[in-house]
Amino acid sequence: MQKVMKNLIGLQSCDLIIKRINDKKKKWPVKIQNLENRLKMAENRLKDELNHLELFKLEKREIELKVESLEGRTEKSNIKLSAIKSNKEYQAALKEIEDIEREKADYEDKVLEVMENIEKLDKEYVTSKADTAKLKGEIQKERDKVIKEIKALDKELKIHEKERTLFCRSIDADLLKKYDHLRQNRGGFAVTPVINGVCGGCNMGMPPQKFNELICGDKIMTCPNCHRIIYWGEEKRLKDDVDQAGMSE
Ligand SMILES: [Zn+2]
């Protein structure tokens with residue numbers, strides 16, 4: 001019975017390692033996905049900034065055209081002015097020129113404002129562009145790291161899967177079925193020690209008679225509460241094996 005129990009404990013320890021490796025493997029794609037989401041956001045921001053920049057440049061060009069057209073009108077009005085004879089007409093033409101000049105000055109102020117915006121946005125765009133390129137580099141680096149890491153984990157997994165096969169071969173088929181069923185339904189823990197009369201899986205105290213039977217160790221027993229396969233955790237020979245197998249993790 002000791003030997004059967006030892007194999008079960010060995011199998012449990014092996015399965016815990018396999019689970020840990022698989023959990024680690026699952027974490028990597030999530031990390032990459034998060035980085036890629038960040039990149040997508042950065043790229044979208046960059047596109048927005050560029051669009052804004054283009055709009056401002058277009059606005060600047062439009063205002064400049066208006067200023068040019070106003071300049072043309074001023075010129076024409078000045079020519080007209082020199083040909084005017086009556087004072088009334090002269091005053092009216094002067095007023096027209098004044099109005100045009102005022103309008104032109106407003107547009108020139110606006111152009112300055114737009115140019116300031118362009119300058120500010122241009123700076124932001126350069127920074128964003130550099131940030132995005134940096135992020136892209138980081139992702140590539142991280143991707144390379146993940147590929148390497150997964151390769152190493154796969155190698156480790158292979159070793160433990162082989163070990164698992166060996167343990168499975170040495171355990172009776174019905175018991176193995178029971179073990180696998182428990183493992184799937186008890187959070188990966190199918191085998192647990194009972195220490196000081198308490199089940200390590202569910203923390204319930206064992207009835208004294210059951211605990212005595214467990215100490216005798218002549219049959220495979222289960223916890224009456226959580227139904228996990230139990231062994232006497234203070235049994236010296238089993239305990240040493242468990243410590244070696246790293247069950248404390
Ligand atoms: Zn229990």
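Mentor: Start with β1 (191-195). Two bridges join β1 to β2, residues 198-199, and these strands run antiparallel. Two strands count as paired if DSSP finds at least two bridges between them. Helices (H or I, at least four residues) and strands (E, at least two) are DSSP runs, numbered from the N terminus.

A word on the source. This is a predicted model: local features need pLDDT of at least 70, side-chain atom pairs count only at pLDDT 80 or more, and totals for chains, interfaces and linings use all residues. Residues are numbered from 1 along each chain as its sequence is written.

Back to the hairpin. In β2, Val198 is the bridge partner of Ile195. Two residues lie between the strands. Asn196 is in that loop. Its phi is positive, about 55°, although Asn196 is not a glycine. Asn196 is exposed, with 9 other C-beta atoms within 10 Å. The cut-offs are these: a residue is buried if 20 or more other C-beta atoms lie within 10 Å of its own, exposed if 12 or fewer, and partly exposed in between, with C-beta atoms placed from the backbone.

Now look at the other neighbour of β1. β1 and β4 (229-232) pair in the parallel sense over four bridges. Val191 stands opposite Ile229. Val194 stands opposite Trp232. Four of the five residues of β1 are buried, so β1 is largely enclosed by the rest of the structure.

The loop between β3 and β4 holds His227. His227 is not a glycine either, yet its phi is positive, about 65°. His227 is partly exposed, with 16 other C-beta atoms within 10 Å.

Next, what packs here? The largest nonpolar core has 20 residues. Such a core is a set of buried Ala, Val, Leu, Ile, Met, Phe, Trp, Tyr and Cys residues joined through C-beta atoms within 7 Å. Leu8, Tyr179, Val194, Leu214, Ile229 and Ile230 have the most contacts inside this core. α1 (2-83), α3 (173-185), β1 and β4 each supply at least two of its residues. α1 gives the most, with five.

Take Leu8. Leaving out residues up to four places away in sequence, Leu8 touches Ile171, Tyr179, Val191 and Ile229. Contact here requires C-beta atoms, placed from the backbone, to lie within 7 Å.

Finish with α3. Tyr179, Leu182 and Arg183 are buried in α3. They cover an arc of only 100° around the axis, which puts them on the same side of α3. That arc is taken from the directions from the helix axis to the C-beta atoms. On the other side, Ala173, Asp174, Lys177, His181, Gln184 and Asn185 are exposed. α1 and β4 are among the elements that cover the buried residues of α3. After α3 comes Gly187, with a positive phi near 60°.

Terms used: Contact = placed C-beta atoms within 7 Å.
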